[in-house]
Amino acid sequence: MSPHHVLLYALPLLLAASLTEAAVLSRHQPGRYDWKAYRVSMFDLAGRQLLNLLPLSVASAVFAVVWPHRLTTITLDSIWSFLLLFIGEEFFYYWYHRAAHRVRWFWATHAVHHSPGQLNLASAYRLGWTGKLTGTALFFAPLVWIGFPPQTVLLTLALNLLYQFWLHATWIPRLGWLEYVLNTPSAHRVHHASNLDYLDANFGGVLIVFDRLFGTYAAEREDQPCRYGLVKPVDGHRLFEVEFHVWRDIWRDLRGAHRLRDVAGYLLRPPGWRPDGPGETTEELRYRQKNAAAP
């Protein structure tokens with residue numbers, strides 16, 4: 001079964017779950033559920049399904065080059081090969097997701113997912129239309145190189161993304177000791193928060209262990225309620241603004257760049273980087289906050 005078919009077959013259940021959540025939340029909190037943002041997320045999903053019909057995936061080209069040069073061929077005929085694939089996929093997903101926040105080229109697509117001002121199950125669909133063209137498959141190419149078939153790698157990634165659907169619920173509490181091992185709704189609420197203390201944290205897919213290992217884990221705090229959306233909010237009700245606002249800003253900056261290293265910086269450095277003085281990267285914003293709080 002292809003990754004596309006897995007996601008397609010699961011779609012009716014996911015749509016039903018998000019619509020049920022929307023109806024329940026709207027009933028208990030009249031007027032507070034953002035139905036306009038829900039509509040944008042559905043249009044994002046529909047547009048992505050249409051784009052999937054086109055042969056525009058960089059992954060196909062990357063894996064077609066890597067697969068003939070694989071070290072061996074690994075078949076999923078033992079618990080150890082399954083475990084190796086799962087851990088390997090989690091490891092490389094962590095680094096892909098971290099790069100999606102720390103490299104502006106990848107952030108241009110991923111920012112779409114973080115644009116809603118509310119976190120809910122419908123926001124899980126809002127993934128952007130340009131992901132297949134930015135080269136994220138390069139992060140998973142090592143799994144193909146060591147011997148896992150490309151379709152197996154992509155199928156595992158699809159299952160990883162399916163797991164993350166329920167993480168977008170704000171009504172699920174902390175889950176005790178599972179918070180030390182798994183990516184949970186609590187951990188993912190922090191990931192989606194635009195509070196300065198929460199930025200660039202909790203990049204795991206199914207597991208949270210790599211965040212703990214590499215120092216990017218942040219726990220949800222009662223004294224710091226999560227504020228969702230982007231640091232610089234975008235109008236989450238305008239579909240094309242949501243989809244392309246970062247790409248538009250990148251194009252504007254590239255047109256004004258005068259040096260090759262500035263071009264590289266605008267594409268490959270963190271969002272908010274500026275070549276001519278203090279910018280608005282996470283580190284610079286935190287530095288200013290620290291100095292402003294100092295006596």
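Which residues do ring pairs link into a cluster? I was looking at a predicted model, and in it I found that F91, F92, Y94, W95, F203, F210 and F214 are joined in this way.

I then looked up the aromatic pairs, of which the structure holds 24. One of them is F91 with F210, an edge-to-face pair with 5.5 Å from centre to centre and 70 degrees between the planes. I noted that this pair links distant parts of the chain, since F91 lies in helix α4 and F210 in helix α9, 119 residues apart. F91 is partly exposed because its relative accessible area is 27%, while F210, at 13%, is below the 20% limit and is therefore buried.

My next entry concerns W129 and F244, whose ring centres are 6.0 Å apart and whose planes stand at 70 degrees, so I recorded the pair as edge-to-face. W129 sits in the loop between α5 and α6, and F244 in helix α10, 115 residues away. Here W129 counts as buried at 19% relative accessibility, whereas F244 is partly exposed at 31%.

I also looked for charges over rings, and found R70 over the face of W67, at 3.8 Å from the ring centre, and R212 over the face of Y217, at 3.9 Å.

Finally I turned to the largest nonpolar core, which has 20 residues, with F63, F140, F148 and V153 having the most contacts inside it. Helix α4 gives the largest share, five residues. I noted a second, separate core of 15 residues, including L14, A22, A122 and Y125.

Note on methods
Residues numbered from 1 in each chain as written. Predicted model: local features only at pLDDT ≥ 70, side-chain atom pairs only at ≥ 80, totals over all residues. Heavy atoms only, no water. Core = buried A, V, L, I, M, F, W, Y, C linked by side-chain atoms within 4.5 Å. Buried < 20%, exposed > 50% of the residue type's maximum accessible area, 1.4 Å probe, protein only. Helix = DSSP H or I, 4+ residues; strand = E, 2+ residues; numbered from the N terminus. Phe/Tyr/Trp six-rings, centres within 6.5 Å; stacked < 30°, edge-to-face > 60°. Lys NZ or Arg CZ within 6 Å of the ring centre and 35° of its normal.
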